[in-house]
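Biologist: Could you take me through one part of this model up close? I'm new to this, so please keep it plain.

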Amino acid sequence: MSKFRTAAAIGLSILLSVSLTMPSMAARVYNADTNTWEEPSVVKTRNRGGSPIKRETIEYASNYKPGTIVIETGERRLYLVLEDGKAIRYGVGVGRDGFTWSGQHRITRKAEWPGWTPPPQMRKRVPDLPAYMPGGPDNPLGARALYIGSTLYRVHGTSEPWSIGQAVSSGCIRLTNEDVTDLYERVRVGALIVVKH
């Protein structure tokens, strides 16, 4: 019996040492901005750093009730209206040319690490997109998502902070994962959201 255990231990150690020295075959990550699949190492290198636009509380005169989200797509800013004429201002990425929109809706749902089902129009443009991607750090929706009415659009996170301040999305409003997590904690389902173009 001890010869069997010794042989099993040797075999296991060989298997373990081979698996540690072999290159890992990590899954590729979809980049919705460029409609391509990328190696995780490329994404990690690009993702270093936070938002190029820092979150801050500012003076903000408006007729909107506290809790309202106002997105100024031309400014690449999202304002969360507070009491006493103030707002929290966040940097955002917005829809690229041909994917801009405006309107007034309500936040109908909130999700942590949401899964993503690419809409049929996007899958037509990018045929190798999966039908569904589970939530997690490699998911294009990032750490949190706020669903906008019955539209296909969301306010969501991204692990690509370099894209904040840019017109890069297919119409969704993106924040860094840190900023969308902060916003998520402050916003209620049913809150008014106003998108201005």
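Predicted model: local features only at pLDDT ≥ 70, side-chain atom pairs only at ≥ 80, totals over all residues.

Let's start with His156: is it buried or exposed?

Modeller: His156 is buried: its relative accessible area is 5%, and the cut-off for calling a residue buried is under 20%. You'll find His156 in strand β10, which covers residues 154–158. Its side chain reaches the backbone oxygen of Pro140 at 3.5 Å. Pro140 also turns up among the residues that His156 touches, leaving aside those up to four places away in sequence. That list has Leu141, Arg144 and Ala145 on it, and then Cys172, Ile173, Arg174, Leu175 and Val180.

Now for the aromatic rings. A pair of rings is described by how far apart the centres are and by the angle of the planes. The count here comes to two aromatic pairs. One of them is Tyr60 with Tyr79, which is stacked, at 4.7 Å centre to centre with 20° between the planes. Tyr60 lies in the loop between β3 (56–59) and β4 (69–72), while Tyr79 is in strand β5 (residues 77–81), so this pair ties together parts that are 19 residues apart in sequence.

Trp101 lies in the loop between β7 (94–95) and β8 (103–112), and Tyr153 in the loop between β9 (144–148) and β10, so the pair ties together parts that are 52 residues apart in sequence. Here Trp101 is buried at 12% relative accessibility, whereas Tyr153 is partly exposed at 24%.

Tyrosine rings also come up with charged side chains. The charged end of Arg109 sits over the ring of Tyr147, 4.0 Å from the ring's centre. Likewise, Lys110 has its charged end over the ring of Tyr184, 4.4 Å from the centre.

Last, a word on confidence. The chain averages a pLDDT of 83, and 75% of the residues score at least 70. Two stretches to watch are these: over residues 15–26 the pLDDT stays under 50, and the model has one contact for them beyond four places in sequence. Over residues 44–48 the pLDDT also stays under 50, with nine such contacts in the model.

Technical notes. Residues numbered from 1 in each chain as written. Heavy atoms only, no water. Helix = DSSP H or I, 4+ residues; strand = E, 2+ residues; numbered from the N terminus. Buried < 20%, exposed > 50% of the residue type's maximum accessible area, 1.4 Å probe, protein only. Polar contact = N/O pair within 3.5 Å; in protein donor to acceptor, adjacent residues only side chain to side chain. Contact = heavy atoms within 4.5 Å. Phe/Tyr/Trp six-rings, centres within 6.5 Å; stacked < 30°, edge-to-face > 60°. Lys NZ or Arg CZ within 6 Å of the ring centre and 35° of its normal. pLDDT = per-residue confidence, 0-100.
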